[in-house]
Amino acid sequence: MSECTITHLVSFYSALKDAHGLQHWWPSESRFETIIGAILAQSVSWTGAHKAVCALKDAGLLEPHLLFKAGPDTIAPLIRSSLYYNQKARKIMIFLSWFLDTCDGEISKMASLPCLMVREELLQLSGFGPETVDSILLYALEKPVFVADAYTRRIGSRQGWFSEDITYAGMQEFFMSRLPQDIPLYNDFHAQIVYLGNRICKKNPGCSSCPVRDHGIIQCRYAHNMNR
Ligand code: SF4
């Protein structure tokens, strides 16, 4: 694996931001909406998740007590566009049960709890993996937690930063041990990776139009090895 320093990572991020602009994540009107959006965005495009969030909002249910009272049978048909909607309706109920019990349904209480404690408790909930939990921590609670995902794995391994079989924790540690604990940076860095992975660094990558193929000290190992 190639040596990757903070300077490399900041340069990589700057190249993406210069090319694609700030991504302004997470697009929502409230922190509670961000949490529900993070659950609905599991394994689906943001378009489908956003449509489901809007349906809950239009039904006047984007409030913790009302949503819990509505129950999974009411929620599921409204969030159909997010796919796996029965599972996701159950996950929303599981989260709400924890949220109402532990935080009285108040985001400010949730945000005031120790970050590691919240992370561990959410990870215990059925259907909550590290990507969803860390998205909640970073984007809803504004905690300095780097979010990794399948795009991070693909792009990081192609750049030569780590191998493709690295664990989620390994990817997260890779970024957090190099970058300062900077919440806006963590916020937009992950969003830039998603943009790149979704539009350019696909399974069949469009290296010729990629802003991080060659940029200052950045040289993508995959693009050079494959002569793309
Ligand atoms: S140069 Fe190609 S392989 Fe490397 S990050 Fe860009 S699109 Fe992906």
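Are Trp-161 and Phe-175 buried or exposed? I looked this up first in the model, which is a predicted one. Trp-161 is buried, and Phe-175 is buried as well.

**Entry: aromatic pairs**

I searched the whole structure for aromatic pairs and got 19 of them. One of these is formed by Trp-161 and Phe-175, with ring centres 5.9 Å apart and planes at 85°, and it is edge-to-face. I then checked where the two partners sit. Trp-161 is in the loop between helix H10 (150-159) and helix H11 (168-176), while Phe-175 is in helix H11. They are 14 residues apart, and the pair links distant parts of the chain.

I went on to Phe-162 and Phe-174. Their ring centres are 5.2 Å apart and their planes stand at 85°, so I noted this pair as edge-to-face too. The cut-off I needed here is that planes over 60 degrees apart count as edge-to-face. Phe-162 is in the loop between H10 and H11, and Phe-174 is in helix H11, twelve residues away. This pair also links distant parts of the chain.

Phe-162 has a relative accessible area of 4% and is buried. Phe-174 has 6% and is buried. Both count as buried because the limit is under 20% relative accessible area.

Next I asked which residues form one aromatic cluster. The list is Phe-12, Tyr-13, Phe-146, Trp-161, Phe-162, Phe-174, Phe-175, Tyr-186 and Phe-189. Both pairs above have their members in this list.

I also noted a charged residue at a ring. Arg-158 lies over the face of Tyr-222, 4.8 Å from the ring centre.

**Entry: helix H11**

I listed the buried residues of H11, which are Tyr-168, Met-171, Gln-172, Phe-174 and Phe-175. Why do they line one face of the helix? Seen down the axis of H11, they fall within an arc of 155°, so they line one face.

The partners are helix H1 (6-20), helix H8 (115-124), helix H9 (130-140), H10 and helix H12 (183-199).

**Entry: H10 against H12**

I took the two axes next. The axes of H10 and H12 come within 9 Å and cross at roughly 75°. The two helices are therefore roughly perpendicular to each other. On the H10 side, the contact is made by Tyr-151, Thr-152, Arg-154 and Ile-155. On the H12 side, it is made by His-190, Ile-193, Val-194, Leu-196, Gly-197 and Asn-198.

**Entry: helix H9**

How many residues of H9 are buried? I found nine of its eleven, and the helix is mostly covered. The buried ones are Thr-132, Val-133, Asp-134, Ser-135, Ile-136, Leu-137, Leu-138, Tyr-139 and Ala-140. They pack against helix H2 (31-40), H7, H8, H11 and H12. Just after H9, I noted that Glu-142 takes a positive phi of about 55°.

**Entry: Ile-107**

I picked Ile-107, which lies in helix H7 (residues 107-112). Its relative accessibility is 12%, so it counts as buried. Leaving aside neighbours within four places in sequence, I found Ile-107 in contact with Arg-31, Phe-32, Ile-35, Phe-99 and Leu-141. For Ile-35 I also looked up the spacing along the chain, which is 72 residues. The C-alpha atoms of Ile-107 and Ile-35 are 9.8 Å apart.

**Entry: backbone**

I ended with the backbone. Most residues other than glycine have a negative phi, and most peptide bonds are trans. I looked for exceptions.

- The peptide bond from Trp-25 to Trp-26 is cis, with omega near 0°. Trp-26 is in the loop between H1 and H2.
- Ser-43 is not a glycine, yet its phi is positive, at about 55°. Ser-43 lies in the loop between H2 and helix H3 (46-58), and at 62% relative accessibility it counts as exposed.
- Tyr-84 has a positive phi near 40°. Its place is in the loop between helix H5 (72-78) and helix H6 (85-103). With a relative accessible area of 49%, Tyr-84 is partly exposed.

Notes
Residues are numbered from 1 along each chain as its sequence is written. This is a predicted model: local features need pLDDT of at least 70, side-chain atom pairs count only at pLDDT 80 or more; totals for chains, interfaces and linings use all residues. Side-chain values use heavy atoms; hydrogens and water are left out. Rings of Phe, Tyr and Trp (its six-membered ring) pair if their centres lie within 6.5 Å; planes under 30 degrees apart count as stacked, over 60 as edge-to-face and the rest as tilted. Helices (H or I, at least four residues) and strands (E, at least two) are DSSP runs, numbered from the N terminus. Buried means under 20% relative accessible area, exposed over 50%, partly exposed in between (1.4 Å probe, protein chains only). A charge sits over a ring if NZ of Lys or CZ of Arg is within 6 Å of the ring centre and within 35 degrees of the ring normal. The arc is that of the directions from the helix axis to the C-beta atoms. Contact means heavy atoms within 4.5 Å. Axes are lines fitted to C-alpha atoms, for helices over the stretch in contact, and angles run from 0 to 180 degrees between N-to-C directions. Angles under 35 degrees count as roughly parallel, over 145 as roughly antiparallel, 65 to 115 as roughly perpendicular and the rest as oblique.
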